Amino acid sequence: MSAPEKVEDIEIRLLLEALYHQYHYDFRNYAMASVKRRLKQAREQLGFATISALQESVLHNPAMVPRLLGYLTVQVSEMFRDPSYFRAIREKVVPHLRTYPSLKVWVAGCSGGEELYSLVILFREEGLEERTLFYATDINQEALQIAEAGIYNLDRIQLFTENHRKSGGKSSLSDYYTAAYGRASFDKTLRQQVVFSDHSLVTDAVFAEMHLISCRNVMIYFDRPLQDRALGLFRESLARKGFLGLGAKESLRFSQHADAFNDFVREEKIYQRDGR
Amino acid sequence: MNASPKAIVIGASAGALDALSVILPALPASFKLPLMVVVHIPPDKHSILAELFQAKCRITAVEAEDKEPIMGGTAYFAPPDYHLLVETNGTLSLSSEEPVLFSRPSIDVLFESAADAYGPDLTAIVLTGANEDGAKGLACVVEAGGTAIVQNPQDAFASAMPESAIAICPDAQVMSLAAIAAYLQKV
C-alpha cells in the first residue's frame, strides 16, 4: 500500500477537486473504494478513454454534472426497506412523537423518495401526518425530482407491498398509488406535508429543529471524519429526546458524537438524542 | 505471483458452507492474515455465518462493520444485502449500491476493491457457486499482480463459478478444497 500513487488515483483525486471548485459538490471525503468503482463505471458508460477526459468534459460542460452525480450518488432504495426498522418506528418511536402538538421529520439523503413515502404513509396510518412537516433533502436534483414525482416502476411494487405488510402496515399499499402503463404513481396528497430541498450533509448547515431524522445508508459512503460532520449536524438539528434512525449496518459506536445519543431500539439502529 | 500475501479474499456461493468449513477451521490460531469473505446469502437482515465460523474456527470470525480497521487473523464476512469493499487506508466499508449479477454482496466488488488496495500482495480464491460472480474480480486481482486460486470445478458442489473464473483467468491455480486449506496454512 506504500506503492507510488497510481495514475488513475491521481486523476480521480483531481476530478473530485474539479467538481468541488467549479460546482461545489464535495465528494473528497467519501469512502474512496466505492467512489472509484462508480467513477470507473461513469467513465466507461459515458464513453471517455480516461478519467482526465471525463474531468475536462465536466469542467467545461455543466450539463455533464447531473449525469456524473447520477453515478456518484447511490440511488438504490426500496419502500419500507428493512421492515423491522419501520415496525420499530411505528411501535416504539410513534408513541413518543404523539405527545408533540407539531412534528418535524427530516429524511436526509432522500434519493428517489422511497424512504420518504414509507414514513409519510406510516405517519398517515398512525394519524400523525397532518401535524408533521417532512423535509426531504438530497444533493442530487434529479433524485429530488424523482422523489417529488413519486412514480416507480410497477415491477418494484410487489417488494414494496411485501415490505409494507411486514412493517405492520395498517392499510393496503395499493390505497396510495394508481397503476398505469407499467408505472405506479403515488398519490399527490402524500406530498402535501413535504418540503423537497437541496441540502448537503458535507457542506451545508442545520436548517430546523427536528423530532425524527432518518438517514439510512447515506453515511456508509462517507469516510470517518465526514461521518462525524454529518452526525454533528444531526446532533445540532435534533430536539432534546429527538430520534435518529440509521441503516441496519451503520453505527454511532465509533463516532465522536456517540455520547450525545442513547440506544433507543438497538437492533434497529434507532437512537435518541440526550436531554441536554 | 506473490508467495507472502498481506490479505486473502474468498468468494463462494451455492455449496459455500461446506467448502468454507474445510478451509477456515483448518487455519491455525497463529494465522496472521486478514480474510475478507463474500458468500451469497439472502438479503434478510440477520446472517449466522460469522457466529457459525466463530464457533468452528481458531481464527476470529466476524461480520464486517462499516469503517472497521482490518486486523490480521480475522475472517470478515460481508453482511447480507451490502457490498463489502476494502479501502486503501486499511479499513473496510459497506455499500448498498445496486446488486452486481443479481448479487449483493458481490464477489466482484470485493475482489476489485481489494485488488486496488493490496495489488500484488493479495491472494484471491473463488470457490463453488452456480453463477459468474467473482470471475471479473479475479481478473482484476491477476491484473494487479495478485495470486488467483480457483476450486477445482470437478470437486465443487456447483461448478459454474469456478469454471467462469478459470475461463477468464486461465493461469489461476486450480486446487481441491484440501489443497487450498493446506496452501493457506503455509502462506
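Mentor: The accessible surface of chain A is about 12200 Å², and carbon and sulfur atoms hold 48% of it (areas by the Shrake-Rupley method with a 1.4 Å probe, where for residues only the protein chains shown count as cover). Please keep in mind that this is a predicted model, in which local features need pLDDT of at least 70 and side-chain atom pairs count only at pLDDT 80 or more, while totals for chains, interfaces and linings use all residues. Residues are numbered from 1 along each chain as its sequence is written, chains are lettered from A and ligands numbered from 1 in the order in which they are written, and side-chain values use heavy atoms, with hydrogens and water left out.

Nine helices and ten strands make up the secondary structure of chain A (DSSP runs numbered from the N terminus, helices being H or I with at least four residues and strands E with at least two). The radius of gyration of chain A is 20 Å, close to the 19 Å that the globule rule gives for 276 residues, so chain A is as compact as a globular protein of that length; the radius is taken over C-alpha atoms, and the rule is 2.2 Å times the number of residues to the power 0.38. Along the principal axes, the C-alpha trace of chain A spans about 55 × 50 × 30 Å.

Of the 276 residues of chain A, 55% count as buried (buried is under 20% relative accessible area, exposed over 50% and partly exposed in between, with a 1.4 Å probe and protein chains only). Among the contacts of chain A with a separation of 6 or more, 76% join residues 24 or more positions apart, a contact being heavy atoms within 4.5 Å. As for charge, the mean positions of the 36 positive and 36 negative charges of chain A are 4 Å apart; Lys and Arg count as positive and Asp and Glu as negative, without His and the chain ends, and each charge is placed at NZ of Lys, CZ of Arg, CG of Asp or CD of Glu.

A108(A) belongs to strand β1 (residues 103-108) and is buried, with a relative accessible area of 0%. Although 29 residues separate A108(A) from T137(A) in sequence, their C-alpha atoms are 5.3 Å apart in space. Not counting residues up to four places away in sequence, A108(A) touches T137(A), L201(A), S214(A), C215(A), V218(A) and F234(A).

N140(A) sits in the loop between β2 (132-138) and α7 (141-149) of chain A, and counts as buried at 2% relative accessibility. Leaving aside its neighbours within four places in sequence, N140(A) is in contact with L69(A), G70(A), T73(A) and Q75(A).

F80(A) lies in the loop between α4 (64-72) and α5 (83-97) of chain A. Its phi is near 55 degrees, a positive value in a residue other than glycine, and F80(A) is buried, with a relative accessible area of 0%. As background, most residues other than glycine have a negative phi, and most peptide bonds are trans.

The peptide bond from R104(B) to P105(B) is cis, with omega near 10 degrees, and P105(B) is in the loop between β6 (92-95) and α3 (107-118) of chain B.

Finally, we come to where the two chains meet. In the model, 32 residues of chain A are in contact with 27 residues of chain B. The size of an interface is often given as the accessible area lost when the parts come together. Between chain B and chain A the buried area is about 2500 Å², with carbon and sulfur atoms giving 45% (the accessible area, 1.4 Å probe, that two parts lose on being put together, summed over both). On the chain B side, K45(B), K67(B) and E97(B) lose the most area to chain A, together 27% of what that side buries.
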